[in-house]
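Work through the exercises below with the sequence and the model side by side. Try each task before reading its solution.

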Amino acid sequence: MIYHIPWLHTPVRTVLAIWHQLTKSEIPELAKGSVLMRERRRVEETIHAMKQAGAGSLQVISDFDMTLTRFSHDGKRVPTTHNILENRLLMNEDSTKKMRDLLNTYYPIEIDASRSIEEKLPLMVEWWTKVHELLIQQRIRKDMLAQAVKVSGTMLRDDCRLLFDRLAEQQVPLLIFSAGVGDVLEEVIQQNHVFHSNVHIISNYMDFDHTGVLQAFKGQLIHTYNKREGAVHAAGLRALQGRPNVLLLGDSLGDLTMADGVSQPHNILTIGFLNDQVEERKESYVNAFDIVLVKDETMDIPNAILSHITSSRKKQ
Ligand code: C5P
Ligand code: MG
């Protein structure tokens with residue numbers, strides 16, 4: 001329709017045509033009320049360039065807790081991988097209470113829009129360190145993790161399985177980069193039948209002794225705001241080589257550094273789930289992510305974008 005407005009000069013017509021294509025027909029989901037974009041045009045151009053390059057040039061880098069999993073369900077918070085461990089199968093009552101108290105102290109700091117990341121850094125290290133010490137004291141048993149996940153009420157975001165399956169089908173690597181607990185994360189995706197061979201995970205992994213009792217955590221601690229360091233390490237993964245286009249999914253401003261290790265990126269499109277403290281954080285999220293999804297518990301937008309990028313190219 002837009003093509004037939006004779007008095008519009010060409011650049012305006014072109015922009016309108018792209019906009020029309022993306023919002024009205026090809027990716028109608030972008031018109032949802034929960035979608036915020038600082039620069040709609042940049043989003044459109046990036047998606048267009050990614051589609052031109054095709055699935056073979058793409059990698060997806062995603063956070064786990066509250067990004068691939070839901071934030072809440074039926075008005076109740078969905079547990080994170082750490083929360084799943086707060087279970088009497090694994091810990092005594094006193095320790096589960098201590099974990100809760102630590103969450104109530106530090107989570108508000110993690111999401112506090114009035115504090116800088118620099119200010120939060122030492123406090124996040126403090127939180128993770130205290131929790132990991134507590135878990136080690138509790139002598140967590142490896143063979144009880146599956147049952148703890150089963151009864152936890154953890155939930156992937158709606159239609160998240162579609163995302164995993166499509167990426168596997170298209171042989172697009174999915175790097176899950178989580179400050180949660182890797183062993184628990186693996187169990188969650190295993191129980192959802194989506195731990196496909198294209199999935200790579202960087203997280204805090206437990207180190208069990210020969211009897212299957214937790215004795216330490218492996219490697220360098222990953223918390224919400226030091227993902228850049230792990231990102232550089234992850235970039236060495238062979239599966240990610242030669243894939244300069246990145247779709248990045250996260251729920252924290254710290255997640256934006258997850259693509260920092262990608263060498264010579266061509267196009268990076270960032271999608272941020274704004275789950276909590278919406279009014280306080282909206283401005284900073286819109287300034288930082290290309291697309292912000294406000295209180296959206298579904299994978300509709302990433303799925304729609306992916307389906308567009310990986311569908312066969314039209315002849316130019
Ligand atoms: O996968 P992701 O990087 O999101 O995992 C980290 C999340 O886990 C943080 O956003 C934090 O709120 C949560 N967390 C928790 N309990 C802890 C430590 C972190 O629920 N003890
Ligand atoms: Mg998260």
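The model is predicted, so local features need pLDDT of at least 70 and side-chain atom pairs count only at pLDDT 80 or more, while totals for chains, interfaces and linings use all residues. Residues are numbered from 1 along each chain as its sequence is written, and side-chain values use heavy atoms, with hydrogens and water left out.

**Exercise 1.** Classify the ring pair of tyrosine 106 and tryptophan 127, and state which helices hold the two residues.

*Solution.* Rings of Phe, Tyr and Trp (its six-membered ring) pair if their centres lie within 6.5 Å, and planes under 30 degrees apart count as stacked, over 60 as edge-to-face and the rest as tilted. A search of the whole structure gives three such aromatic pairs. For tyrosine 106 and tryptophan 127 the centres are 6.0 Å apart and the planes stand at 10°, so this pair is stacked. Tyrosine 106 belongs to helix H4 (residues 93-110) and tryptophan 127 to helix H5 (residues 117-137), so the pair ties together parts that are 21 residues apart in sequence; helices here are DSSP runs (H or I, at least four residues), and strands are runs of E with at least two, numbered from the N terminus. Both tyrosine 106 and tryptophan 127 are buried, where buried means under 20% relative accessible area, exposed over 50% and partly exposed in between (1.4 Å probe, protein chains only).

**Exercise 2.** Classify the pair of tyrosine 285 and phenylalanine 289.

*Solution.* The ring centres of tyrosine 285 and phenylalanine 289 are 5.4 Å apart with planes at 35°, so the pair is tilted. Tyrosine 285 counts as buried at 1% relative accessibility, and phenylalanine 289 is buried at 0%.

**Exercise 3.** Which ring faces do arginine 77 and arginine 157 lie over?

*Solution.* A charge sits over a ring if NZ of Lys or CZ of Arg is within 6 Å of the ring centre and within 35 degrees of the ring normal. Arginine 77 lies over the face of tyrosine 107, at 5.0 Å from the ring centre, and arginine 157 lies over that of phenylalanine 273, at 3.8 Å.

**Exercise 4.** Describe the buried and exposed sides of helix H9 (residues 227-234).

*Solution.* The buried residues in H9 are Lys227, Gly230, Ala231 and Ala234. They span an arc of only 110° around the axis (taken from the directions from the helix axis to the C-beta atoms), which puts them on the same side of H9. The face turned away from that buried side carries the exposed residues Val232 and His233.

Definitions and conventions. Chains are lettered from A and ligands numbered from 1 in the order in which they are written.
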